[in-house]
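This report describes one part of a protein model for a reader who has not seen it before. Please look at the sequence and the structure first.

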Amino acid sequence: MRSLLDFIVKYSYVFLFILLESVSLALLFGSNERQRMAFMTSAGRFSGSILEWRSDVKSYFGLRKENEKLAYENAMLRSRLNTVLDNIEVESLFSRIEGDYAVARVIDNSVRKDDNYITINKGRADGIERGMGVFDSRGVIGVVMLPGKKYSIVLPVLNGRSSISCKISGSNSFGFLEWYGGNPYMAYIVDMPFHTDINPGDTVVTSGFSSAFPENIPVGIVESVEEEQLNYMLRLTVSLFADMSDIRWVYVNTHGQDPEPEELKEELQ
Amino acid sequence: MEPVSFLRRFGLMVGLVLLQVLILNRISLFGYATPMFYIWFIVRFESSMTRNAMLIWGFFIGIVIDMFTGTPGLNAACSTILALLQPKIVTLFLSKDRRDIVVPSRDTMGGGPLAGYLFLTTLVHHTFYFIFRSIPLGDWTVLMAKIVFSTLLTFLIMLAVGMSADRSDKRRSL
């Protein structure tokens with residue numbers, strides 16, 4: 001009995017190792033995507049403030065560039081305003097300014113992993129909900145995946161699980177924007193009907209078919225068009241407008257979040 | 001040398017975690033190599049620590065890194081394994097008459113053995129790290145490239161720090 005106790009005391013570290021390793025591996029392989037996300041947001045309460053502090057420091061160094069971007073956006077808005085004023089149709093004017101956007105800061109971001117995520121510093125307390133579209137002055141970024149209380153996790157275009165309904169500007173044929181890893185400036189549009197007339201250089205915008213994004217938010221430019229003989233669909237390579245490695249401020253589309261269509265879709269599936 | 005106090009060890013851990021998550025995790029050379037210098041914490045465990053203490057500290061720094069990177073259990077699993085193997089790896093690079101070593105460093109081991117020790121600890125940790133991360137294992141060549149490049153990068157940083165850290169070692173225990 002005594003020697004058994006001695007043995008246990010001497011090799012207690014082996015039992016401790018087995019315990020700690022089991023906990024780690026259970027966390028690593030046992031957790032499904034939802035639990036993993038929950039870990040990220042609960043950890044977010046702790047790590048979020050430190051990551052936000054880093055982003056604070058970084059944003060000081062990026063002020064000049066940020067100013068340039070704002071100036072560019074201003075110029076664009078001004079020219080758009082002129083067009084609106086030129087053909088002043090009251091109805092369309094209202095449909096343009098209608099919309100509600102929350103401004104959020106990106107506090108954590110990655111582009112080089114196979115599955116990237118973005119953390120923003122707005123959450124449920126600011127009216128952010130799952131499924132809201134996220135974009136910046138240049139183009140589409142992603143969709144809110146897991147809103148926490150103060151922070152939210154965004155599923156960006158640069159994630160294998162992202163799929164955003166898009167169309168070619170000025171036409172009605174639409175497909176889905178997807179990404180398969182690798183180059184963070186390129187994504188693909190799949191399931192575009194075969195007969196559609198698309199040329200490199202055409203602009204890709206959001207279709208407005210999902211409630212995440214309003215219509216006509218810029219996405220990117222068509223680089224090349226491939227025909228997939230197998231299923232009579234086109235596959236487009238798209239050069240993204242948004243530079244995903246350099247996003248600091250984003251807009252979250254909080255307007256028109258009518259969950260019903262999405263819920264109906266989920267029920268159908 | 002007196003044993004490292006709890007507070008000092010905790011301070012070192014906080015410093016290494018911040019360095020890792022605020023700076024090093026942003027580095028991705030050639031898309032493959034990310035330095036994981038935080039294992040310096042485990043590399044410097046002194047032999048007077050109990051095995052249980054090593055395991056708990058090793059697990060702890062891993063799980064804190066995981067909280068920042070959103071990878072529950074990944075770093076914790078690897079750093080716990082390294083904390084288990086660290087005493088064994090140290091003895092591989094020591095001659096029999098120097099088993100009283102307190103902290104592995106150039107002064108206590110000599111430059112050559114220290115380099116070997118740093119390389120092996122890094123290789124062990126990174127191999128487990130990338131295998132765990134890539135399960136289910138897909139492309140072997142990419143996996144090997146990630147292990148090799150990241151090991152080299154972390155090793156070079158640790159070697160540079162290990163070789164230059166000695167002078168201050170005479171005054172401080174860490």
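Strand S6 of chain A is joined by 3 bridges to strand S9 (residues 203–206) of chain A, and the two run antiparallel. Strands here are DSSP runs of E with at least two residues, numbered from the N terminus, and two strands pair if DSSP finds at least two bridges between them. A:Lys167 stands opposite A:Val205 in S9(A). In S7(A), A:Lys167 has A:Phe174 as its bridge partner.

S6(A) covers residues 164–168 and is connected to S7(A) by 4 bridges in an antiparallel arrangement. These two strands form a hairpin with 5 residues between them, and A:Gly170 in the turn has a positive phi of about 90°.

Of the 5 residues of S7(A) (residues 174–178), 4 are buried, that is, 20 or more other C-beta atoms, placed from the backbone, lie within 10 Å of their own. S7(A) is also joined antiparallel to S8(A) (residues 186–193) by 3 bridges. There, A:Phe176 has A:Val190 as its bridge partner.

In chain A, 6 strands close into a barrel with antiparallel pairing, in the order S6-S7-S8-S11-S10-S9.

## Confidence and conventions

This is a predicted model, in which local features need pLDDT of at least 70 and side-chain atom pairs count only at pLDDT 80 or more, while totals for chains, interfaces and linings use all residues. Residues are numbered from 1 along each chain as its sequence is written, and chains are lettered from A and ligands numbered from 1 in the order in which they are written.

The mean pLDDT (the predictor's confidence in each residue, from 0 to 100) of chain A is 79, and 80% of its residues reach 70 or more.

How values were computed: Buried ≥ 20, exposed ≤ 12 C-beta atoms within 10 Å, placed from the backbone.
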